Amino acid sequence: MPEPPSSPPSQLATCASDEQALQAPLRGLVSRAPVSCAPDTPLGEALRTMRGEGIGSIVVADQGRPLGIFTVHDLIDRVVLPGTTLDTPMHRLMTPEPKSLAADAHAFEAALLMAEGGIHHVLLVDEGRVVGMVSEKDLFARQRVGVARIATHIRSAGELGTLQAAAADIRQLARNLLLQGVAAEQLTQLISKLNDLLATRIIELEQARHPQLAGLAFCWLALGSEGRLEQTLLTDQDNGLIFLPRDGQTPEATRAELLPFAQAVNEALAACGFPLCKGGIMAGNPQWCLSLEEWQATFGDWIFRGDAPVLLNASIFFDFRPLAGDAALADSLRAWLNARIRDNRQFLRHMVRNALGNRPPLGWMRDFVVDGSGEEAHTIELKLHGATPFVDAARIFALAAGVGETGTAARLRGAGAAWKLDTQEVEAWVDGFHTIQRLRLRVHQAQLAAGHPLGNRLDPASLTAVEHQALKESFRQAKRLQARMESFFQF
């Protein structure tokens, strides 16, 4: 069949000048040599150096090896308010053990560090010696806010209104980076990381309002796409709670203490733009607020049954990861689940059979099999028929290999390493999945720009020739992945 004709750029096209902005090596973002001082340098001398160089931060180093960092943000808390004298040595005022990356690392890795720690600078090192520094401004020069500033606002938030504003900033940053061509894997991880911080702060604030939880061991679980760190611009809540009953207390009694807190967290998340799950898969639902033994019993029943309803549940709940609280509880559940499933060939077969019921929409006579009705006629559901085949196969491979990762790409790579699969084959699957994710994000961006509700349906006719070919290749990779899965489990 001839290739589709070329067409003008669609609403899904990215800005070519910014393509893959955060994939650039950090070394290329350094515009000047780092300015540093010795650890015994007096504060006054360091401040004069900063003013003379026109910089907002200085590295404290010993023979080129970074020991700490001091920035203008430290002046109020460490100098002005405590009345620090100008002869104070810098090693007493610096932030020790500053975050650093190798100079050949990617800009995206610095963005994640900034999001995780709420920091504004990352040092670049080569063989242990500082060779440069990148700031939030270097990474997000054209953004109104960057990841570190959003993270700082979230960490310091004391009330819901501040978190609602931060949630809006996360969505705006995501849209801006999408338009700049940031890769799907990077963007979804960044969105998920910032959303993690937001949810964690909500949990912290609500925990403080529920003093009855003091001394109670529990862990908030992220499920589904959040559990996989694959959130897009369209996401609702999928979460749960795992706990240990207090000494001498039944699970029912401990659950009664936790539910008001969990329901308050669910409502606060909804107020920040994460809709309540229509299926009730939330920690505030008593069905999903369970002790460790209850979760094991629930999962064990699913594994024993293997029917359609529990396979649907498995596709959501088996992607859990700890978000806040005692992560050891989630780790224990993961270890138990992997050990229980790894050698359970029959349940894995049930999962494979269920996954193979959702084939990529490639046709024999046409490029794509479209469906939908009304205004959505002749469209493809990118999440269900595009991303899900990759997600389901990766989950099955990971469970069979005992891989503890929850992200789709990490699962595929982990299972590939465990079974010594061809690296190029595995990376082709990963690339296919990320192509689908990128198209989903661009669809969401176009819908937002047009003021339409967010959804996952795409009209293939709206694609450019390059996008058309990329989507077709992604579906082919999904078919190859399913064929490999089918062969592995001998169907």
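The largest cavity in this predicted model is lined by Asn-195, Ala-199, Trp-220, Glu-226, Gln-231, Asp-236, Gln-237, Asp-238, Asn-239, Leu-269 and Phe-274. By class, that makes four nonpolar, four polar and three charged residues. About 90 Å³ of space sits inside, and the structure holds four cavities of 30 Å³ or more.

Now for the largest pocket. Its lining takes in 38 residues, and those nearest the centre are Arg-228, Asp-238, Ile-316, Lys-383 and Thr-388. Asp-238 turns up in the lining of the largest cavity too. Helix 14 has the largest share, with eight residues.

Here are the two spaces side by side:

| Space | Volume | Lining by class |
|---|---|---|
| Largest cavity | about 90 Å³ | four nonpolar, four polar, three charged residues |
| Largest pocket | about 1000 Å³ | 16 nonpolar, 12 polar, 10 charged residues |

Is Arg-201 buried or exposed? Its relative accessible area is 17%, and the cut-off for buried is under 20%, so Arg-201 counts as buried. What does its side chain meet there? One polar atom of the Arg-201 side chain lies 2.8 Å from the backbone oxygen of Ala-157. The side chain also makes a polar contact with that of Glu-204, at 2.9 Å. Leaving out residues up to four places away in sequence, Arg-201 touches Ile-154, Arg-155, Ala-157 and Leu-163.

Key:
Residues numbered from 1 in each chain as written. Predicted model: local features only at pLDDT ≥ 70, side-chain atom pairs only at ≥ 80, totals over all residues. Heavy atoms only, no water. 1 Å grid on protein atoms, 1.4 Å probe; cavity = no way out; pocket = protein on both sides within 12 Å on 5 of 7 lines; lining within 4 Å. Points joined across faces, edges and corners; volume = space filled by probe spheres on them. Nonpolar A, V, L, I, M, F, W, Y, C, P; charged D, E, K, R; others polar. Buried < 20%, exposed > 50% of the residue type's maximum accessible area, 1.4 Å probe, protein only. Polar contact = N/O pair within 3.5 Å; in protein donor to acceptor, adjacent residues only side chain to side chain. Contact = heavy atoms within 4.5 Å. Helix = DSSP H or I, 4+ residues; strand = E, 2+ residues; numbered from the N terminus.
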